[in-house]
Amino acid sequence: MKFAMSYSGGKESALALHKFTGQGNTPVALITTYNQDTDRSLFHGLSSNVLKRVSQSLSIPLILTNTTAENYNKDFEIALKRAKETGAVACVFGDIDIEGHREWATQRCDNVGIKAIFPLWDMPRQNVVYELVDSGFVASLTVVNTKFLDEKFLGKQLTKELAKKIVATGADICGENGEYHTFVSNSPMFAYPVDFVWGKRHYKDGYAMLEVI
């Protein structure tokens with residue numbers, strides 16, 4: 001099956017891509033949303049250049065979609081249509097168990113006439129993190145909700161030891177409630193690790209973000 005991947009650059013989307021491809025399916029596009037004014041992905045702080053380097057290492061074309069909160073649904077569906085034109089019959093998402101996220105993704109795909117697929121659905125959250133670590137994914141924290149996590153977590157590579165420290169703060173191990181976001185710079189699917197540097201720190205609405213450039 002040819003599919004598009006809703007790819008944030010973070011750990012769940014990277015793992016979902018890995019698992020679904022490993023089942024014999026073929027990714028034909030990565031769909032990533034970003035803010036053109038800041039040149040960063042909407043949720044993970046990744047520059048467009050980093051996203052392009054990820055696309056190159058994965059050998060999967062990138063559909064980089066400039067959008068806003070007001071136009072997000074419409075722009076995402078436009079990206080899905082572009083992926084459909086390249087042969088995608090489904091879009092894969094990295095959601096685990098939040099029903100509202102599943103409903104949103106399914107509606108976007110229904111509107112375009114393709115299938116929504118969730119390879120990680122109902123997977124225990126701890127298992128998601130541990131499988132990532134055990135499989136050799138390199139994921140670093142790029143955003144933290146400072147209500148839960150101190151800024152010292154920014155830039156740290158996600159390991160089982162770090163995951164235990166995250167849980168000890170009362171945060172979800174996967175950050176599914178927005179406690180943190182990550183950037184995956186290497187995985188079993190990457191031809192080579194993606195080079196990047198840390199940029200400036202930004203603060204907004206209780207979140208601290210470290211630029212990835």
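How are helix 3 and helix 4 oriented to each other? Start there, after two notes on the model. This is a predicted model, in which local features need pLDDT of at least 70, side-chain atom pairs count only at pLDDT 80 or more, and totals for chains, interfaces and linings use all residues. Numbering runs from 1 along each chain as its sequence is written, and side-chain values use heavy atoms, with hydrogens and water left out.

**Stop 1: helices 3 and 4**

Select residues 72–85 for helix 3 and 99–112 for helix 4. Helices (H or I, at least four residues) are DSSP runs numbered from the N terminus. The two axes come within 9 Å and cross at roughly 55°. Axes are lines fitted to C-alpha atoms over the stretch in contact, with angles from 0 to 180 degrees between N-to-C directions. Helix 3 and helix 4 are therefore oblique to each other. Angles under 35 degrees count as roughly parallel, over 145 as roughly antiparallel, 65 to 115 as roughly perpendicular and the rest as oblique.

Now show side chains. Helix 3 brings Y72, N73, F76, E77, L80, K81 and K84 to the contact. Helix 4 brings W104, R108, C109, N111 and V112. Contact means heavy atoms within 4.5 Å. By class, this contact has 6 nonpolar, 2 polar and 4 charged residues. Ala, Val, Leu, Ile, Met, Phe, Trp, Tyr, Cys and Pro count as nonpolar, Asp, Glu, Lys and Arg as charged, and the others, Gly among them, as polar.

**Stop 2: helices 1 and 5**

Select residues 11–22 (helix 1) and 125–134 (helix 5). They pack at about 70°, axes 11 Å apart. Helix 1 and helix 5 are therefore roughly perpendicular. K11, E12, L15 and K19 of helix 1 meet V128, E131 and L132 of helix 5. That contact has 3 nonpolar, no polar and 4 charged residues.

**Stop 3: helices 5 and 6**

On helix 5, pick V129, Y130, V133 and D134; on helix 6, pick K160, A163 and K164. These contact residues divide into 4 nonpolar, no polar and 3 charged.

Definitions and conventions. Helices (H or I, at least four residues) and strands (E, at least two) are DSSP runs, numbered from the N terminus.
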